[in-house]
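Me: Please take a close look at one part of this model, the paired charged side chains and their surroundings. I would like the distances and the cut-offs behind each term.

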Amino acid sequence: MPLTITPDIVIPDEELEWKFIRSSGPGGQNVNKVSSAAQLRFLLPLNTSLPVSVRNRLRQLAGQKLVDDGSILFKSMSERSQEQNRRAALGRLETLIHAAMVVPKIRKKTRPTKGSQERRIDSKKRRGATKLQRGGKSWE
């Protein structure tokens, strides 16, 4: 079943690779028998449905989830059933793609106003004068 991000963007099943493994940690016999943990590999190099700018931001946001071949790996083993772990991994992928779709605002350099510079210097002079009155020793 394809993953629908927006009405315009749909990720087909061919770009998603699933692997189910045994979960770690306590859980008794169930954890030793059932492969309930899910690994979702999003094959980013094969992706054609996302715009190039979104794919580039996705690579940056993925961090340690980005694997050597360029795909993004999500592991989910917090839930007890395979289906819940599958949904959790898909949710993480969807959240990451939504975050990558947000275009960051370009920061424009600004300079402090003349008045703010003067106020800053005045406050520094006042503070210095206060400290000079306290000590009795001058730096001159």
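Reply: A network of salt bridges links Glu17, Arg41 and Asp69. A salt bridge here is a side-chain nitrogen of Lys or Arg within 4 Å of a carboxyl oxygen of Asp or Glu. The model is predicted, so local features need pLDDT of at least 70 and side-chain atom pairs count only at pLDDT 80 or more, while totals for chains, interfaces and linings use all residues. Residues are numbered from 1 along each chain as its sequence is written, and side-chain values use heavy atoms, with hydrogens and water left out.

By this rule there are three salt bridges. In the one between Glu17 and Arg41, the closest N and O atoms are 3.7 Å apart. Glu17 belongs to strand β3 and Arg41 to strand β4 (residues 37-42), so this pair ties together parts that are 24 residues apart in sequence. Helices (H or I, at least four residues) and strands (E, at least two) are DSSP runs, numbered from the N terminus.

Arg41 also forms a salt bridge with Asp69, with 3.8 Å between the closest N and O atoms. This pair links distant parts of the chain, 28 residues apart: Arg41 is in strand β4, and Asp69 is in the loop between α2 (52-62) and β5 (72-76).

The remaining salt bridge joins Arg87 and Glu83, at 3.8 Å from N to O. These two are four residues apart in helix α3, which means about one helical turn separates them. Arg87 counts as exposed at 52% relative accessibility, whereas Glu83 is partly exposed at 43%.

Glu83 and Arg87 also line the largest pocket, together with Met1, Pro2, Leu3, Asp13, Leu16, Trp18, Arg86 and Leu90. A pocket is an open set of points on a 1 Å grid over the protein atoms alone, where a 1.4 Å probe fits, with protein on both sides within 12 Å along at least five of seven lines; lining residues have an atom within 4 Å of a point. The space in the largest pocket is about 200 Å³, counted as the space filled by probe spheres set on points joined across faces, edges and corners. β3 (16-21) and α3 (82-101) each supply at least two lining residues, and α3 gives the most, with four. The lining has six nonpolar, no polar and four charged residues. Nonpolar covers Ala, Val, Leu, Ile, Met, Phe, Trp, Tyr, Cys and Pro; charged covers Asp, Glu, Lys and Arg; the others, Gly among them, are polar.

Within that lining, the charged end of Arg86 sits over the ring of Trp18, 4.6 Å from its centre. The rule asks for NZ of Lys or CZ of Arg within 6 Å of the ring centre and within 35 degrees of the ring normal. Trp18 is partly exposed, at 24% relative accessibility.

Definitions and conventions
Buried means under 20% relative accessible area, exposed over 50%, partly exposed in between (1.4 Å probe, protein chains only).
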